[in-house]
Amino acid sequence: MTLNILFAARPERWDTYASPLRQALDQAGIAADLSMEHAPETVDYIVYAPNSDLQDFTPYTRAKAVLNLWAGVENITGNETLKIPLARMVDPGLTKGMVEWVTGHVMRHHLGMDRDICRSDARWEPRTPPLAEERSVVMLGLGALGRAAAEALVGLGFKVSGWSRSPKAVPGVDCLHGEEGLKEALSRAEIAVLLLPDTPATRNTLNAETLALMPEGAFIINPGRGPLIDDAALLAALDSGRVGHATLDVFRVEPLPEDHPYWAHPRVTVTPHIAADTRARTAAETLVENIRRGEAGEPLLNLVDRELGY
(Lines give C-alpha, C1' and ligand atoms only; values in the text may rest on other atoms or scores of the structure.)
Protein backbone atom coordinates (compact mmCIF):
# COMPACT_ATOMS: atom_id res chain seq x y z
CA MET A 1 0.00 0.00 0.00
CA THR A 2 1.26 3.46 -0.91
CA LEU A 3 0.69 6.16 1.70
CA ASN A 4 -0.32 9.65 0.66
CA ILE A 5 1.69 12.19 2.66
CA LEU A 6 0.72 15.83 2.35
CA PHE A 7 3.48 18.38 2.84
CA ALA A 8 1.59 21.41 4.17
CA ALA A 9 4.17 24.16 4.49
CA ARG A 10 5.43 27.10 2.49
CA PRO A 11 7.04 26.38 -0.90
CA GLU A 12 10.56 27.20 0.26
CA ARG A 13 10.24 24.49 2.91
CA TRP A 14 9.28 21.98 0.21
CA ASP A 15 12.51 22.74 -1.59
CA THR A 16 14.42 22.00 1.63
CA TYR A 17 12.54 18.91 2.80
CA ALA A 18 11.35 17.02 -0.27
CA SER A 19 14.61 15.18 -0.96
CA PRO A 20 15.51 14.34 2.69
CA LEU A 21 11.96 13.08 3.34
CA ARG A 22 11.96 10.85 0.29
CA GLN A 23 15.36 9.48 1.23
CA ALA A 24 14.19 8.75 4.79
CA LEU A 25 11.02 7.06 3.50
CA ASP A 26 13.07 4.88 1.14
CA GLN A 27 15.47 3.92 3.92
CA ALA A 28 12.54 2.96 6.15
CA GLY A 29 11.01 0.86 3.37
CA ILE A 30 7.83 2.94 3.31
CA ALA A 31 6.06 3.30 -0.03
CA ALA A 32 4.70 6.83 -0.11
CA ASP A 33 3.55 9.56 -2.44
CA LEU A 34 4.85 12.79 -0.93
CA SER A 35 3.21 15.87 -2.40
CA MET A 36 1.90 19.36 -1.67
CA GLU A 37 -1.27 18.72 -3.68
CA HIS A 38 -3.07 15.59 -2.45
CA ALA A 39 -6.86 15.74 -2.32
CA PRO A 40 -7.81 16.08 1.38
CA GLU A 41 -9.85 12.87 1.56
CA THR A 42 -6.89 10.80 0.27
CA VAL A 43 -4.27 11.98 2.79
CA ASP A 44 -2.82 9.53 5.34
CA TYR A 45 -0.35 11.82 7.14
CA ILE A 46 0.18 15.58 7.17
CA VAL A 47 3.68 17.04 7.54
CA TYR A 48 2.78 20.48 8.77
CA ALA A 49 4.01 23.99 9.46
CA PRO A 50 1.58 26.21 11.39
CA ASN A 51 2.18 29.16 9.05
CA SER A 52 0.96 27.21 6.02
CA ASP A 53 -2.33 27.89 4.24
CA LEU A 54 -3.87 24.76 5.76
CA GLN A 55 -5.91 25.83 8.78
CA ASP A 56 -9.07 23.72 8.41
CA PHE A 57 -8.43 20.02 9.01
CA THR A 58 -12.08 18.98 8.66
CA PRO A 59 -11.77 17.61 5.07
CA TYR A 60 -8.87 15.32 6.01
CA THR A 61 -11.10 12.45 7.04
CA ARG A 62 -8.54 9.68 6.42
CA ALA A 63 -5.53 11.35 8.02
CA LYS A 64 -3.99 9.53 10.98
CA ALA A 65 -1.72 12.23 12.40
CA VAL A 66 -0.34 15.73 11.94
CA LEU A 67 3.45 15.82 12.23
CA ASN A 68 4.64 19.31 13.07
CA LEU A 69 7.80 20.67 11.46
CA TRP A 70 8.31 23.09 14.34
CA ALA A 71 9.23 22.45 17.96
CA GLY A 72 6.64 25.04 19.01
CA VAL A 73 2.98 24.11 18.72
CA GLU A 74 1.34 27.14 20.35
CA ASN A 75 -0.05 28.25 16.97
CA ILE A 76 -1.89 25.01 16.34
CA THR A 77 -3.05 23.56 19.68
CA GLY A 78 -6.06 25.86 19.74
CA ASN A 79 -7.28 24.81 16.29
CA GLU A 80 -10.67 23.22 16.97
CA THR A 81 -10.79 21.51 13.57
CA LEU A 82 -7.76 19.38 14.48
CA LYS A 83 -9.08 16.20 16.09
CA ILE A 84 -6.37 13.68 15.20
CA PRO A 85 -3.04 13.16 17.02
CA LEU A 86 -0.51 15.99 16.79
CA ALA A 87 3.22 15.36 17.24
CA ARG A 88 5.69 18.17 17.81
CA MET A 89 9.16 18.20 16.32
CA VAL A 90 12.01 16.99 18.49
CA ASP A 91 14.91 17.03 16.07
CA PRO A 92 18.33 15.75 17.19
CA GLY A 93 20.00 18.39 15.01
CA LEU A 94 17.94 21.17 16.56
CA THR A 95 18.71 19.85 20.04
CA LYS A 96 22.45 19.82 19.38
CA GLY A 97 22.28 23.34 17.98
CA MET A 98 20.41 24.59 21.03
CA VAL A 99 22.86 22.95 23.43
CA GLU A 100 25.78 24.60 21.66
CA TRP A 101 24.13 28.04 21.60
CA VAL A 102 23.11 27.88 25.27
CA THR A 103 26.50 26.59 26.36
CA GLY A 104 28.29 29.33 24.43
CA HIS A 105 26.28 32.15 25.96
CA VAL A 106 26.43 30.68 29.47
CA MET A 107 30.21 30.54 29.17
CA ARG A 108 30.31 34.09 27.81
CA HIS A 109 28.55 35.47 30.87
CA HIS A 110 30.18 33.09 33.33
CA LEU A 111 33.70 34.06 32.24
CA GLY A 112 32.90 37.74 31.73
CA MET A 113 34.12 37.62 28.15
CA ASP A 114 32.60 40.99 27.24
CA ARG A 115 34.75 42.67 29.85
CA ASP A 116 37.94 41.20 28.43
CA ILE A 117 37.21 41.11 24.72
CA CYS A 118 34.95 44.07 23.99
CA ARG A 119 37.35 46.80 25.03
CA SER A 120 39.55 49.38 23.36
CA ASP A 121 40.74 51.45 26.32
CA ALA A 122 44.23 49.85 26.47
CA ARG A 123 43.83 49.09 30.18
CA TRP A 124 45.68 45.97 31.34
CA GLU A 125 43.54 44.36 34.05
CA PRO A 126 44.47 40.73 34.71
CA ARG A 127 41.93 38.76 36.73
CA THR A 128 41.13 35.16 37.57
CA PRO A 129 37.82 34.00 36.09
CA PRO A 130 35.63 31.80 38.33
CA LEU A 131 35.36 28.08 37.86
CA ALA A 132 32.12 26.51 36.66
CA GLU A 133 31.65 24.81 40.03
CA GLU A 134 31.43 28.27 41.60
CA ARG A 135 28.51 29.36 39.42
CA SER A 136 24.82 28.49 39.83
CA VAL A 137 22.88 28.08 36.59
CA VAL A 138 19.11 27.54 36.51
CA MET A 139 17.32 25.93 33.57
CA LEU A 140 13.69 27.04 33.40
CA GLY A 141 12.09 24.22 31.45
CA LEU A 142 13.19 20.59 31.47
CA GLY A 143 11.70 19.30 28.25
CA ALA A 144 13.87 17.74 25.56
CA LEU A 145 15.84 20.94 24.93
CA GLY A 146 16.12 22.07 28.54
CA ARG A 147 17.18 18.66 29.72
CA ALA A 148 19.88 18.34 27.05
CA ALA A 149 21.26 21.81 27.78
CA ALA A 150 21.20 21.17 31.55
CA GLU A 151 23.09 17.90 31.14
CA ALA A 152 25.74 19.64 29.02
CA LEU A 153 26.21 22.31 31.69
CA VAL A 154 26.49 19.65 34.39
CA GLY A 155 29.21 18.05 32.28
CA LEU A 156 31.13 21.33 32.38
CA GLY A 157 30.95 21.41 36.16
CA PHE A 158 28.28 24.03 36.79
CA LYS A 159 25.92 23.83 39.75
CA VAL A 160 22.73 23.29 37.78
CA SER A 161 19.18 23.54 39.05
CA GLY A 162 16.14 22.99 36.88
CA TRP A 163 12.52 24.03 37.16
CA SER A 164 9.43 22.63 35.50
CA ARG A 165 5.70 22.74 36.18
CA SER A 166 5.60 19.04 37.07
CA PRO A 167 8.26 16.92 38.81
CA LYS A 168 11.22 15.84 36.65
CA ALA A 169 14.42 13.93 37.31
CA VAL A 170 17.65 14.76 35.47
CA PRO A 171 20.99 13.27 36.59
CA GLY A 172 23.19 15.87 38.25
CA VAL A 173 20.44 18.51 38.24
CA ASP A 174 18.60 19.69 41.35
CA CYS A 175 15.07 19.53 39.95
CA LEU A 176 12.38 21.82 41.36
CA HIS A 177 8.76 22.26 40.39
CA GLY A 178 5.60 24.20 41.15
CA GLU A 179 5.19 27.76 42.37
CA GLU A 180 7.44 27.41 45.41
CA GLY A 181 10.01 25.59 43.35
CA LEU A 182 10.15 28.50 40.91
CA LYS A 183 10.84 30.93 43.73
CA GLU A 184 13.63 28.72 45.04
CA ALA A 185 15.11 28.26 41.58
CA LEU A 186 15.17 31.97 40.82
CA SER A 187 16.77 32.77 44.16
CA ARG A 188 19.76 30.66 43.01
CA ALA A 189 19.85 31.87 39.40
CA GLU A 190 23.12 33.66 38.83
CA ILE A 191 22.47 32.65 35.23
CA ALA A 192 18.93 31.75 34.15
CA VAL A 193 18.21 30.01 30.85
CA LEU A 194 14.61 29.98 29.61
CA LEU A 195 13.51 26.96 27.59
CA LEU A 196 9.85 26.77 28.51
CA PRO A 197 7.04 26.38 25.95
CA ASP A 198 4.71 29.28 25.23
CA THR A 199 1.44 28.51 27.02
CA PRO A 200 -1.00 30.62 29.05
CA ALA A 201 0.62 29.18 32.19
CA THR A 202 4.18 30.16 31.20
CA ARG A 203 3.65 33.66 29.80
CA ASN A 204 5.42 36.34 31.82
CA THR A 205 7.21 33.73 33.92
CA LEU A 206 9.80 36.45 34.42
CA ASN A 207 7.95 39.53 35.63
CA ALA A 208 8.58 42.27 38.18
CA GLU A 209 7.85 39.95 41.10
CA THR A 210 9.92 36.98 39.94
CA LEU A 211 12.83 39.07 38.65
CA ALA A 212 13.11 40.58 42.13
CA LEU A 213 13.89 37.10 43.48
CA MET A 214 17.07 36.73 41.41
CA PRO A 215 20.55 37.51 42.74
CA GLU A 216 21.80 41.03 42.11
CA GLY A 217 23.46 41.26 38.69
CA ALA A 218 22.08 37.95 37.40
CA PHE A 219 22.26 37.05 33.73
CA ILE A 220 19.24 36.00 31.68
CA ILE A 221 19.44 33.95 28.48
CA ASN A 222 16.23 33.39 26.52
CA PRO A 223 16.30 31.12 23.46
CA GLY A 224 12.84 29.74 24.32
CA ARG A 225 9.85 31.96 23.62
CA GLY A 226 9.44 35.75 23.69
CA PRO A 227 6.25 35.84 25.81
CA LEU A 228 8.05 34.12 28.71
CA ILE A 229 9.35 37.56 29.73
CA ASP A 230 7.49 40.73 30.67
CA ASP A 231 9.55 43.14 28.55
CA ALA A 232 8.81 46.26 30.61
CA ALA A 233 9.73 44.46 33.83
CA LEU A 234 12.99 43.17 32.35
CA LEU A 235 13.99 46.62 31.11
CA ALA A 236 13.34 48.04 34.58
CA ALA A 237 15.41 45.25 36.17
CA LEU A 238 18.25 45.95 33.73
CA ASP A 239 18.15 49.68 34.48
CA SER A 240 18.25 49.05 38.22
CA GLY A 241 21.10 46.53 37.99
CA ARG A 242 19.01 43.66 39.37
CA VAL A 243 19.73 41.95 36.04
CA GLY A 244 23.29 42.41 34.80
CA HIS A 245 22.68 41.44 31.20
CA ALA A 246 20.02 39.74 29.07
CA THR A 247 20.81 37.76 25.95
CA LEU A 248 17.58 37.42 23.98
CA ASP A 249 17.01 35.33 20.87
CA VAL A 250 13.19 35.34 20.78
CA PHE A 251 10.63 38.11 21.05
CA ARG A 252 6.89 38.77 21.17
CA VAL A 253 7.09 40.42 17.74
CA GLU A 254 9.58 39.15 15.17
CA PRO A 255 11.51 40.63 13.52
CA LEU A 256 12.12 42.79 16.58
CA PRO A 257 10.93 46.32 15.65
CA GLU A 258 13.74 48.74 14.88
CA ASP A 259 12.58 51.15 17.60
CA HIS A 260 12.38 48.53 20.36
CA PRO A 261 14.37 49.53 23.48
CA TYR A 262 16.23 46.22 23.47
CA TRP A 263 18.27 47.24 20.42
CA ALA A 264 19.94 50.20 22.09
CA HIS A 265 20.12 48.96 25.68
CA PRO A 266 23.76 48.53 26.78
CA ARG A 267 22.88 45.46 28.89
CA VAL A 268 20.97 43.58 26.20
CA THR A 269 22.28 41.32 23.45
CA VAL A 270 19.81 40.69 20.63
CA THR A 271 20.25 37.71 18.33
CA PRO A 272 17.77 37.16 15.44
CA HIS A 273 16.09 33.87 16.46
CA ILE A 274 19.13 31.78 15.57
CA ALA A 275 19.67 29.71 18.72
CA ALA A 276 18.52 26.52 17.03
CA ASP A 277 16.81 25.49 13.85
CA THR A 278 15.41 22.26 12.53
CA ARG A 279 17.86 20.42 10.27
CA ALA A 280 16.13 18.89 7.28
CA ARG A 281 17.99 15.57 7.31
CA THR A 282 17.56 14.73 10.97
CA ALA A 283 14.04 16.20 11.08
CA ALA A 284 13.03 14.03 8.12
CA GLU A 285 14.22 10.94 9.96
CA THR A 286 12.12 11.95 12.99
CA LEU A 287 9.02 12.51 10.84
CA VAL A 288 9.40 9.20 9.04
CA GLU A 289 9.92 7.32 12.30
CA ASN A 290 6.51 8.55 13.44
CA ILE A 291 4.95 7.47 10.15
CA ARG A 292 6.51 4.04 10.61
CA ARG A 293 5.15 3.91 14.14
CA GLY A 294 1.70 4.95 12.99
CA GLU A 295 1.60 2.18 10.40
CA ALA A 296 2.94 -0.40 12.89
CA GLY A 297 0.36 0.53 15.53
CA GLU A 298 3.05 1.83 17.90
CA PRO A 299 2.71 4.99 20.01
CA LEU A 300 3.80 8.15 18.23
CA LEU A 301 6.79 10.05 19.58
CA ASN A 302 6.41 13.54 21.06
CA LEU A 303 2.63 13.63 21.12
CA VAL A 304 1.18 16.97 22.17
CA ASP A 305 -1.08 17.27 25.20
CA ARG A 306 -3.72 19.76 23.97
CA GLU A 307 -4.72 20.77 27.50
CA LEU A 308 -1.14 21.59 28.53
CA GLY A 309 -0.35 23.14 25.16
CA TYR A 310 2.89 21.20 24.52
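Which residues is His-105 in contact with, leaving aside its neighbours within four places in sequence? A few notes on this predicted model, starting there.

1. His-105 sits in helix 2, which covers residues 92-111. Setting its neighbours within four places in sequence to one side, the contacts of His-105 are with Ile-221 and Thr-247. His-105 counts as buried because its relative accessibility is 15%, and the cut-off for buried is under 20%.

2. Helix 7 runs over residues 231-240, and its buried residues are Asp-231, Ala-233, Leu-234, Leu-235, Ala-237 and Leu-238. As for what covers them, the list includes helix 6, strand 10 (218-222), strand 11 (243-248), helix 8 (261-264) and strand 12 (268-270).

3. Have a look at the two ends of helix 7 as well. At its start, Asp-230 brings a side-chain oxygen to within 3.1 Å of the backbone nitrogen of Ala-232. After the helix comes Gly-241, with a positive phi near 90°.

4. On to the second largest pocket, which holds about 200 Å³ of space. Two elements give two or more residues to its lining: helix 5 (178-188) and helix 6 (208-211). Helix 5 provides the largest share, 4 residues.

5. The lining of that second largest pocket is made up of Trp-163, Arg-165, Gly-178, Glu-179, Leu-182, Lys-183, Asn-204, Thr-205, Asn-207, Glu-209, Thr-210 and Leu-213.

Notes. Residues numbered from 1 in each chain as written. Predicted model: local features only at pLDDT ≥ 70, side-chain atom pairs only at ≥ 80, totals over all residues. Heavy atoms only, no water. Buried < 20%, exposed > 50% of the residue type's maximum accessible area, 1.4 Å probe, protein only. Contact = heavy atoms within 4.5 Å. 1 Å grid on protein atoms, 1.4 Å probe; cavity = no way out; pocket = protein on both sides within 12 Å on 5 of 7 lines; lining within 4 Å. Points joined across faces, edges and corners; volume = space filled by probe spheres on them. Polar contact = N/O pair within 3.5 Å; in protein donor to acceptor, adjacent residues only side chain to side chain.
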